[in-house]
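Subject: Structure handover

Hi,

Here is the structure for you to look through. My notes follow below it.

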Amino acid sequence: MSDHKKTYDEIFDLLEKHDNWMRNTINLIASENVSSPAVRSAIVSDFRDRYAEGWPGERVYAGCKFIDEVEIICMNLAKELYNAEFADVRPVSGVVANLMMYTAAMAPGERMMALSIAHGGHISHARKNLGGTAGAIRGHKVQNWVFNDEDFNIDVDASLAKIRKLQDKGDEIKFLLFGGSVFPFPHPMKEFREIADEFDIIIGYDSAHVCGLIASGRFQDPLREGADMVTLSTHKTLFGPQHGVVLSTEKFADAIKRAAFPGMMSNHHLHNVAGLAVAFAEMMEFGKDYTGQILKNARALAQSLHERGFKVIAEHLGFTESHTLLVDITETPLQHGNVLEERLEDANIIINRNLLPWDKKRGRDYKTPGGIRLGTSETTRLGMKESEMDAVAEFITRVVMKEEDVKKVAADVSEFKKDYQKVHYAFDTETEAYAHLRFK
Ligand SMILES: *Cc1c(COP(=O)(O)O)cnc(C)c1O
């Protein structure tokens, strides 16, 4: 056999190993989900090999008549789901959607406000010294929201005072960014509309994590609460392919379109636009039930962990109003987020380590943080409910609190997972969730 054929076979072997592992694991990564067989068949269509630069009907390429129809359906579904005047479904990811939003809102170098990473902000919101997209790529000066650690939310009065002080000094803020990657509670936004109007500040909302919840009316509605623009990552609580979207009022439509093309994309991954349209249709049909169960599961998981001695943040607020919970693990026997992450992975439980708001002050960084972040999107999609969340909490407890042999827990997790191998809340619920569509 030639070396190249060996490499070729090895790739498929690795893919198969990964799929088999996923069948045996409990995935609690808050930013992941499992897409339906229907979404997956859309993204392996011939669209994956085509170009369609520009706007439907005004393409720079020929051969686009059916691609145009699908993209228009996708845009219309996005506008309907989010009650938005304008939707651009071309960004190939959430970070690219954010770059389009920044481009439409500000000139390079202008000043914006966003959450710090330790408070749940995403790296695409971060300043230059961290290599963040806003600072390092666009040159924006980033000021951070003042944060209430205990309530895990933006401190309205202190943040308003900070904006006013900066304006008074001549350090003008041009853009306020809400949303984040640890996002258990809706952000206060209405409270900032007045100051935004006073100083001509544009408001953006990064709904990457929560856009599935928003589509079903289960989280705040950013366009009604004062946002000018909203960005999406389409594969977190929304169960689509990996892609992005920008929504806005009519006022920003042209600037966003220009940012997409010719600004940011030549090829905008047409197969994923098709997959996204399918996911939007599924969301319209099943979203309300699906996201309702996500929220119930997140609270159930938090409660079950709490009862087993875990310190889930914001107990006084019911732990979470989204799919995400944050757990302070510094007082558990394993103490460090990275150690838990590894140990749980060996037990077939996939989670993220995560910074806590107060970690930096205690000399911790993202490599050895004091927290873990858990999300219930994927387990819910596989049909798990509150009682299964209790079982999941017990598996975590056996690894982290009782320090049981991870091999034993891994075997028990595999056994438990056998009953959760199909995608729920979809038109086709027969195909296996982790089946790999392979052509001969
Ligand atoms: C995940 C995430 C993104 C990035 O989305 P990608 O699709 O991975 O590029 C942007 N913002 C927030 C808040 C996120 O959590």
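Helices here are DSSP runs of H or I with at least four residues, strands are DSSP runs of E with at least two, and both are numbered from the N terminus. The model is predicted, so local features need pLDDT of at least 70 and side-chain atom pairs count only at pLDDT 80 or more, while totals for chains, interfaces and linings use all residues. Residues are numbered from 1 along each chain as its sequence is written, and side-chain values use heavy atoms, with hydrogens and water left out.

**The ligand site**

A polar side-chain atom of S181 is 2.7 Å from a ligand oxygen. For G94, a backbone N or O atom sits 2.8 Å from a ligand oxygen. For K236, a side-chain N or O atom is 2.9 Å from a ligand oxygen. The protein buries 86% of the 380 Å² that the ligand exposes when taken alone. Areas are from the Shrake-Rupley method with a 1.4 Å probe; for residues, only the protein chains shown count as cover.

**N33**

N33 lies in the loop between β1 (26-27) and α2 (37-43). N33 is buried, at 15% relative accessibility. Buried means under 20% relative accessible area, exposed means over 50%, and partly exposed is in between (1.4 Å probe, protein chains only).

What does the side chain of N33 make a polar contact with? The partner is the side chain of Y290, at 2.9 Å. A polar contact is a pair of N or O atoms within 3.5 Å; within protein, one must be able to donate a hydrogen and the other to accept it, and residues adjacent in sequence count only if both atoms are side-chain atoms. A polar side-chain atom of N33 also lies 2.8 Å from the backbone oxygen of K236.

Contacts, meaning heavy atoms within 4.5 Å, are listed from here on without residues up to four places away in sequence. N33 touches H235, K236, T237, L238, F239, Y290, S377, E378 and R381.

**S248 and I256**

Take these two together. S248 is in strand β12 (residues 244-248), and I256 is in helix α9 (residues 253-264). Both count as buried: S248 has 1% relative accessibility, and I256 has 0%.

S248 touches A84, E85, F86, D228, M229, A253 and I256. The contacts of I256 are F86, D88, M100, A104, M229, V246 and S248. I256 to Q293 is 34 Å, at 37 residues apart in sequence.

Is V60 buried or exposed? V60 is exposed, with a relative accessible area of 55%. Its place is the loop between β3 (58-59) and α3 (65-82). V60 touches E53 and F261. V60 and I349 are 47 Å apart, C-alpha to C-alpha, and 289 residues apart in sequence.

N272 is in helix α10 (residues 270-307). N272 is buried, with a relative accessible area of 9%. Its contacts are I43, P241, Q242 and H243.

**Cysteines**

How many disulfides does a search of the whole structure find? The count is 0, with a disulfide taken as a pair of cysteine sulfur atoms within 2.5 Å. For C64, the nearest cysteine sulfur is that of C74, 15 Å away. For C74, the nearest is that of C211, 12 Å away. C64 is buried, at 5% relative accessible area. C74 is buried too, at 0%.

Over to you.
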